[in-house]
Amino acid sequence: YLSELKRLLKPTGTIIIAVPNFKSFDANFYGRHWAAFDVPRHIWHFSKTAIEKLFTEKGMQLKAVLPMK
């Protein structure tokens, strides 16, 4: 998917993506009751490091990571 997003993106374009961060404060606080553990809607969980690595491997740059408000 990331390769296709990169192909479709203009050279100065921006991708905005929202994914559950399993290393977030909320995930730690709520434990197994954390809303993002709600399968089947959230099958994959990511950390900031993992997202940055995925995009970097595709030649893209992570500009910012923001918590869900």
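**Figure 1. Contacts along the chain of a predicted model.** Of the contacts in the chain with a separation of 6 or more, 49% join residues 24 or more positions apart; a contact means heavy atoms within 4.5 Å. This is a predicted model, in which local features need pLDDT of at least 70 and side-chain atom pairs count only at pLDDT 80 or more, while totals for chains, interfaces and linings use all residues. Residues are numbered from 1 along each chain as its sequence is written, and side-chain values use heavy atoms, with hydrogens and water left out.

**Figure 2. The whole chain and its elements.** The chain holds three helices and zero strands, in the order α-α-α from the N terminus on. Helices (H or I, at least four residues) and strands (E, at least two) are DSSP runs, numbered from the N terminus. The C-alpha trace spans about 40 × 25 × 20 Å along its principal axes. Of the 69 residues, 14% count as buried. Buried means under 20% relative accessible area, exposed means over 50%, and partly exposed lies in between (1.4 Å probe, protein chains only). The accessible surface of the chain comes to about 6400 Å², with 60% of that belonging to carbon and sulfur atoms. Such areas come from the Shrake-Rupley method with a 1.4 Å probe, and for residues only the protein chains shown count as cover.

Figure 3. The chain carries 11 positive and 5 negative side chains, and the centres of the two sets lie 4 Å apart. Lys and Arg count as positive and Asp and Glu as negative, while His and the chain ends are not counted; the place of a charge is NZ of Lys, CZ of Arg, CG of Asp or CD of Glu. One salt bridge is found in the whole structure, where the term means a side-chain nitrogen of Lys or Arg within 4 Å of a carboxyl oxygen of Asp or Glu. The bridge joins the side chains of arginine 7 and glutamate 4, at 2.7 Å from N to O. These two residues are separated by about one helical turn, because they stand three residues apart in helix α1 (residues 2–8). Arginine 7 is exposed at 58% relative accessible area, whereas glutamate 4 is partly exposed at 38%.

**Figure 4. A nonpolar patch on the surface.** Phe25, Phe29 and Tyr30 form this patch, with about 400 Å² of accessible area together. Patches are made of residues with over 30% relative accessible area and no salt bridge; like charges are joined within 9 Å, and nonpolar side chains (Val, Leu, Ile, Met, Phe, Trp, Tyr) within 5 Å. Tyrosine 30 belongs to helix α2 (residues 25–30) and is partly exposed, at 44% relative accessibility.

**Figure 5. Serine 47 and its contacts.** Serine 47 sits in the loop between α2 and α3 (48–57). The residue is buried, with 10% relative accessible area. Leaving aside residues up to four places away in sequence, serine 47 touches Asn21, Phe22 and Lys23.

Figure 6. Isoleucine 16 is in the loop between α1 and α2 and is exposed, at 82% relative accessibility. Valine 65 is in the segment after α3 and is partly exposed, at 44% relative accessible area. Valine 65 and tryptophan 34 are 31 residues apart in sequence, and their C-alpha atoms are 20 Å apart in space.
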